[in-house]
Amino acid sequence: MKNFHINTTVNGDEAEFICEPDETLLDVLRNRLGMTGSKEGCGTGDCGACSVILNDRLVCSCLVLAAEAEGGKVDTIEGMADGDKLHPLQKVFIEKAALQCGVCTPGILVAAKALLEKNPDPSETEIRYWLAGNLCRCTGYDKIIKAVQDAAAEMRSA
Amino acid sequence: MKYVKPESLHAASVLLSEEPGTTRILAGGTDVLVQLRSEVVEPDLIVDLKHLEGFGDITSEDGGFRIGAGVPSAEMYEHKALHAAWPGVIEGAELIGSTQIQGRCTMVGNLCNGSPAGDSVPGMVAAGAVVRVHGPDGERDVPVEEIPTGPGKTSLAKGEFITSIFLPARPERSGDAYLRFIPRTEMDIAVSSAAANLELDTDGTVTSARVAVGAVAPTVRLVEEAGTALVGSKLDDTAIANMMAAVEAACSPIDDKRGTVEFRTKTAGVLAKRAAHIAYERAGGSK
């Protein structure tokens, strides 16, 4: 198989990598760029654990070929905190214990951040529909929804 | 597996024509990557077309809209004029998968995946959408309902691919709608579905109607008799009953754990009725 040399921007920094044609963006983030925050849950776009922002759109990185990222912009969970300063969503998720095992959490945080950038004051229904593609098998979702609402309120008043 | 981004439509067509093995065209990838990863299909060649001119664009044309084959559902949803003109088409497109899938999935991909349950397809068929096909013999325009020929199968020949979808101009009093039945509230595949597209005259009489159903036959089906049953009416009970009978007669669904033949047939009729009423209201008709 012919390998590709790909140039992208990841979390604002230039990133280049070599990949095989059938490697996904998720594979490259985790195995070649050492960014293991994005998780592989199902690998078929059902669970949302691998959520990233590709060219300003929320996507499942397991359903993107790494070669497609050429010239593109990728934002991952690793870029969410500002140094040691957590994003309000991250802070509230910890405070409100909106996670248990934590596998779904990076994807949910990336997806929730994308929602709040579009809609700073979403209703509970809007949050539930937006996050319908992020599966959590521990929490039962209520604490997650509440945490997103609380973080949204905090961000609005900031 | 080879992954290629051809420089032109012609180059893409040549690549696809000359490849002796299995080929896949990559737009949003939300079906192709799943097939790849589950090893259902092991393509020898993947051709990525998203970067080609017009593939990512929604443009006005003859009072209607041309939607590039690489435009994701999320972008269509955000396009105000398109959303206002064709709310039913958008309704279908935005039911495909999750928010994450919406960021990538395309209507052309949904169509060419060939699923009888593809959520964006009945709305396009009811709308009278026409796809532009590029191939070794040049370009041709094809009514959308002529593309799928069976589960996972299309009428596209080797080397052919769809470059865009055209949704025609809307007369003033017109409306469309799409509904599906799923046992959950979100993230599921239609057990049955229906789309209706109506045009009315000034007193609210239907002058033109197209009804399409999904997940109740080997392909999404345009039910011409169902449309005919509504023309000349104001959706009175008799017209609706005739329309539902025509829909039920057009159903030849599978029988599985998700829905029996009887259930799929009955719900397709009910969904067509409800979609027709929503389309009527959107067209400015009142009862």
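Q: What makes residues of chain B and chain A count as in contact, and how many are there on each side?
A: 22 residues of chain B are in contact with 23 residues of chain A, where contact means that C-beta atoms, placed from the backbone, lie within 7 Å. This is a predicted model, in which local features need pLDDT of at least 70 and side-chain atom pairs pLDDT 80 or more, while totals for chains, interfaces and linings use all residues. Residues are numbered from 1 along each chain as its sequence is written, and chains are lettered from A in the order in which they are written.

Q: Why are α10(B) and α11(B) called oblique to each other?
A: Helix α10 (residues 237-250) and helix α11 (residues 261-282) of chain B pack at about 140°, with axes 8 Å apart. Angles under 35 degrees count as roughly parallel, over 145 as roughly antiparallel, 65 to 115 as roughly perpendicular and the rest as oblique. The pair is therefore oblique.

Q: How do you know where the domains of chain A lie?
A: The bounds come from an automatic or database domain assignment, which gives domain 1 (4-79) and domain 2 (88-157). Their centres, taken over C-alpha atoms, are separated by 22 Å.

Definitions and conventions
Two residues are in contact if their C-beta atoms, placed from the backbone, lie within 7 Å. Axes are lines fitted to C-alpha atoms, for helices over the stretch in contact, and angles run from 0 to 180 degrees between N-to-C directions. Helices (H or I, at least four residues) and strands (E, at least two) are DSSP runs, numbered from the N terminus.
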